[in-house]
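Trainee: I would like to take a close look at one part of this model, namely the salt bridges and the side chains around them. Could you walk me through that part slowly?

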Amino acid sequence: MRLNVVALIVAVFALPCTAAAQVSVSTLTSATIEPVQLTVDNSGVVYVSEYTGRRVLKITPSGVVSTIASVGLTYGVAVDDAGNVYVSEIAQHRVLKISATGVLSTLAGGVRGANDGRGSAAQFYYPSGLGFGPDGMLYVADRDNHRIRGIDPSTGDVTTVAGSSIGFLDTTAA
């Protein structure tokens, strides 16, 4: 059975929401999910971040829903080709990594601020959306710093890619 991603997205966002619901493993039709962002890996598995539910869900192509991590206030979610899942935890100002084997660790951040750096030396101010670029970098929408940040997933090195402060300025790339 091939997963119909469009139907799944419509089904997930149409489900009733309740922060009190705790789903360990269930089917998609019986799960209560409060989704914020989702991503799909190469095998059709959907990963969903839940803000109020404070968890990251995995939905298989057959519709089985399981919690792969219970964390703080999650927002963005991304998955790499090796099956590692990354999630932004906005109130803790950090990006977490859930390895393909289920080990949870902090990739970068942990303190509010705007510094580039490696691992915990890097700072974010409400990191939100996540996504991988064709260069293999994990890009972060660093919401209240008004910046796009790039993280090298192999080292945790964070660099500012665009933005620097509040405001709007269009420029031409060099």
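Mentor: Let us begin with Glu50, which is buried, because its relative accessible area is 1%, and buried means under 20%. Please keep in mind throughout that this is a predicted model. Glu50 forms a salt bridge with Arg55, and the closest N and O atoms of this pair are 2.0 Å apart. Arg55 is buried as well, with a relative accessible area of 2%. As a general point, side chains of opposite charge can pair when their charged atoms come close. The structure holds six salt bridges, and I will turn now to the one between Arg149 and Asp116, where the closest N and O atoms are 2.9 Å apart. This pair links distant parts of the chain, since Arg149 belongs to strand β13 (residues 147-151) while Asp116 sits in the loop between β9 and β10, 33 residues apart. Arg149 is buried, with a relative accessible area of 0%, whereas Asp116 is partly exposed at 38%.

Leaving out residues up to four places away in sequence, Asp116 touches Ala121, Ala122, Arg149, Val158, Thr159 and Thr160. For one of these, Val158, the C-alpha atom is 5.2 Å from that of Asp116, although the two residues are 42 apart in sequence.

A further salt bridge joins the side chains of Asp157 and Arg118, at 2.7 Å from N to O. Asp157 lies in strand β14 (residues 157-162) and Arg118 in strand β10, so this pair ties together parts that are 39 residues apart in sequence. Asp157 is partly exposed, with a relative accessible area of 26%. Salt bridges that share partners also join Asp116, Asp142 and Arg149 into one network.

Gln123 lies in the loop between β10 and β11 (127-132), and it counts as buried at 17% relative accessibility. A polar atom of the Gln123 side chain is 3.3 Å from the backbone nitrogen of Ala114.

Conventions. Residues are numbered from 1 along each chain as its sequence is written. This is a predicted model: local features need pLDDT of at least 70, side-chain atom pairs count only at pLDDT 80 or more; totals for chains, interfaces and linings use all residues. Side-chain values use heavy atoms; hydrogens and water are left out. Contact means heavy atoms within 4.5 Å. Helices (H or I, at least four residues) and strands (E, at least two) are DSSP runs, numbered from the N terminus. Buried means under 20% relative accessible area, exposed over 50%, partly exposed in between (1.4 Å probe, protein chains only). A polar contact is a pair of N or O atoms within 3.5 Å; within protein, one must be able to donate a hydrogen and the other to accept it, and residues adjacent in sequence count only if both atoms are side-chain atoms. A salt bridge is a side-chain nitrogen of Lys or Arg within 4 Å of a carboxyl oxygen of Asp or Glu.
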